[in-house]
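Please examine the sequence and the structure shown below.

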Amino acid sequence: MDIQFTEEQELLRSSVQRLLRDQYDFDARRKIVASEGGFSRKQWGAFAELGLLAAPFSEAVGGLGGGVLSTMVIMQEFGRHLVVEPFVETIVLAGGLIEQAGSEEQKQSFLPDIIAGENIWALAWTEKGSRFDLATVTTTARRDGNDYVLTGEKTAVIAAPWADYLIVSARTSDHRHDRDGVSLFVVDRHAANLHLQSFKTIDGRRAAEVSFKNVRGELLGGDGEGVAALEACRDRVIGALCAEAVGAIGELNSATLEYSKTRKQFGATIGSFQVLQHRMVDMFIAHQEALSLMQHLNLSLSAGEAGVSRLASGAKSKIGYAGRSVADQAVQLHGGMGMTDELNIGHYFKRISSINIQFGDPAYHLLRYARLDPAA
Amino acid sequence: MELALSPEDAAFRDEVRAFIAGNYPAEMRVPNPETDLSKEQMLLWHRILHKKGWIAPLWPKEYGGPGWSITRRFVFEQETTRAGTMPPLAFSVTMVGPVIYTFGNEAQKKKFLPRILSGDDWWCQGYSEPGSGSDLATVRTKAVRDGDHYIVNGYKTWTTLAQHADWIFCLVRTDPTAKPQSGISFLLIDMKSPGVTVRPIITIDGSHEVNDVFLENVRVPVENLIGEENKGWSYAKFLLGNERTSMAGIGRSTRYIERLKRIVKAEIPEDDPAHLEFVRDIARVELDVLALEATELRVVAQMARGIDPGPAASLFKIRGTEIFQNITELTHRAIGNYGLAIREHPVSANHFMPGPDYGHTASEKYLNSRKLSIYGGSNEIQRNIIAKAVLGL
């Protein structure tokens with residue numbers, strides 16, 4: 001099951017590594033997070049220039065045809081550097097949905113600006129009371145001529161304050177939980193009657209509560225096909241988030257190991273204490289398993305295998321629990337230093353906590369994994 | 001769970017309960033009292049307790065304690081934590097106060113004890129150093145005798161609320177040639193002395209509780225030495241014993257479990273499969289609390305009969321902190337997508353927070369409580385203590 005990376009993929013990895021090493025060390029990231037905007041347009045431009053924003057898209061729409069495996073390579077490195085720019089939101093979620101569900105006209109109209117780094121997008125699906133269920137939608141979309149008008153409220157929309165466009169799930173028919181009554185819409189983030197209340201997230205990003213009052217939206221994909229589109233999209237984003245988590249877990253482990261070899265207490269390095277050695281061995285095993293499962297998931301996604309949705313939930317759960325336990329121990333083994341804002345350890349902890357909430361926590365996906373039919 | 005109380009002790013419990021209900025300052029009821037209160041606000045309850053004569057339950061009557069039995073001290077602790085009152089500053093009342101009345105001289109007792117009781121002096125703890133965390137005996141901050149002063153040079157860290165402090169009690173090295181434990185002295189330093197610098201440490205929840213304290217050629221009068229020179233380690237150990245007594249945190253955990261239940265009820269419908277999962281997790285942690293509370297009551301009953309509890313404090317510290325970490329994690333999980341948001345400090349800036357009020361502090365509490373298994377002697381150290389002192393390993 002080991003991945004034999006292609007030459008292109010290796011090249012992609014080393015060029016992302018070089019870029020981040022040169023431009024995205026922890027101090028640079030701290031400055032970006034503390035800046036007024038909270039992310040760097042310049043950095044985003046550098047990602048575009050390097051082709052990262054084009055990498056997963058098919059050549060037919062102006063991409064490099066790297067698919068989910070290029071996303072995996074990129075996200076793993078982004079996880080190691082705690083990149084805050086909205087690659088997941090703009091490229092994996094919005095770009096992915098447009099490529100998957102959009103009309104030819106929509107692809108031509110939106111994807112070039114996404115790939116060029118001109119436009120930022122965000123996906124607004126969570127609502128008060130929806131928790132992690134894609135089909136619990138109360139925001140409504142009412143037909144108005146060729147268009148629709150949307151009314152409702154979305155919650156905790158990551159990257160919304162940065163976005164030029166939003167993709168919004170809204171109900172076009174039937175009742176609150178009915179999955180066939182939900183459709184997706186493209187909405188101009190600066191539209192009149194679209195109101196944002198922005199806030200900071202635990203992992204240094206920006207998000208917003210978004211309210212719509214008769215805001216014009218353009219249907220993306222088929223009427224009533226929103227949940228199915230979001231489900232496929234969620235599988236892919238889980239592949240990306242798991243790659244990011246694995247990158248973060250790897251960094252936590254190497255930093256903790258390094259620290260345990262230099263930090264002395266009671267006349268010995270703390271790494272010489274057996275109780276801590278065993279814990280670091282468990283952290284190592286957790287990383288190995290997470291890496292394997294993450295690659296397995298992304299290979300299955302790439303091959304379009306049946307049953308991949310169940311696997312995605314399994315990976316989200318297993319890697320989520322692994323991340324939480326590694327992050328807990330990394331903070332604990334760094335002692336007080338692990339609690340400080342100054343050191344990067346706590347920031348990995350917070351990113352992993354945030355990944356665990358996005359698109360469903362480990363407990364949610366454990367249950368989803370258990371309930372989905374393996375034969376389906 | 002309740003101690004079997006005599007009618008007199010039961011009456012005392014009712015009195016404490018009524019006093020809290022009638023006197024706890026409303027303005028101290030803020031979303032996160034541990035980070036949201038100003039120094040003056042924190043001292044409001046302290047001053048009320050002082051006026052009532054209840055500020056220092058641990059202290060003997062001659063120094064201003066209320067002269068309570070072990071049972072009454074426990075009842076007071078139970079009632080105040082159950083009611084969610086902000087405990088008076090431990091560094092002053094629970095830590096340095098007992099060191100001063102146990103090991104200090106008459107002049108020191110007269111000078112410091114009344115101001116600790118009244119809240120006029122705010123104390124912080126100069127123990128940890130960058131190289132001395134769990135291994136406290138290796139402190140390197142030096143105090144060199146110069147006439148009737150010590151010249152102190154060093155670097156203390158993780159100093160809680162030093163930004164408010166008038167005084168710091170420090171472990172300093174007075175004999176660099178002796179074995180680590182035997183060259184340490186216990187010195188009281190005025191924070192206004194030239195050469196004392198406080199630098200904030202911001203933690204992962206964004207709050208400012210702890211600090212670095214730099215000591216550069218600080219002149220400290222010899223009269224501020226507690227007890228004998230080079231005997232500081234035994235005073236420090238005495239103090240750490242006090243630090244670890246009340247770490248079971250039953251009252252606090254019980255309150256946070258009640259809040260967690262309310263959040264789960266409001267956020268997760270019963271037909272959501274996650275609901276049953278939370279019901280189980282909550283029951284599990286409730287049983288953890290129940291078992292720890294029963295242990296605490298058993299220990300209190302033994303102590304009331306004059307039996308030395310041994311290192312029971314280590315057990316309370318380990319389980320109390322693990323339980324509270326678990327509760328804050330469950331709470332963070334329970335608020336779902338709102339768990340992505342965190343309040344910005346200083347909170348007085350009143351930035352927007354999404355979601356219902358009950359979730360607004362969930363992220364910061366979850367993050368902040370990671371410290372519990374690290375500070376006050378890490379849980380690894382506590383396990384070492386039990387292994388050695390109880391199991392004889």
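## Strand pairing in chain A

S3(A) and S7(A) are paired antiparallel, with eight bridges between them. Two strands pair if DSSP finds at least two bridges between them; helices (H or I, at least four residues) and strands (E, at least two) are DSSP runs, numbered from the N terminus. Within this pair, Leu150(A) has Val215(A) of S7(A) as its bridge partner.

S7(A) is also joined by three bridges to strand S5 (residues 182-188) of chain A, and these two run antiparallel.

## The model and its numbering

The model is predicted: local features need pLDDT of at least 70 and side-chain atom pairs count only at pLDDT 80 or more, while totals for chains, interfaces and linings use all residues. Residues are numbered from 1 along each chain as its sequence is written, and chains are lettered from A and ligands numbered from 1 in the order in which they are written.

## The hairpin of S6(A) and S7(A)

Seven bridges connect S6(A) and S7(A) in the antiparallel sense. Phe199(A) has Ala207(A) in S7(A) as its bridge partner. Five residues lie between the strands of this hairpin, in which Gly204(A) adopts a positive phi near 80°.

## The contact between chains A and B

Chain A gives 30 residues to the contact and chain B gives 33 residues; two residues are in contact if their C-beta atoms, placed from the backbone, lie within 7 Å. On the side of chain A that touches chain B, the elements giving two or more residues include S3(A), S6(A) and S7(A). H10(A) provides the largest share of that side, five residues.
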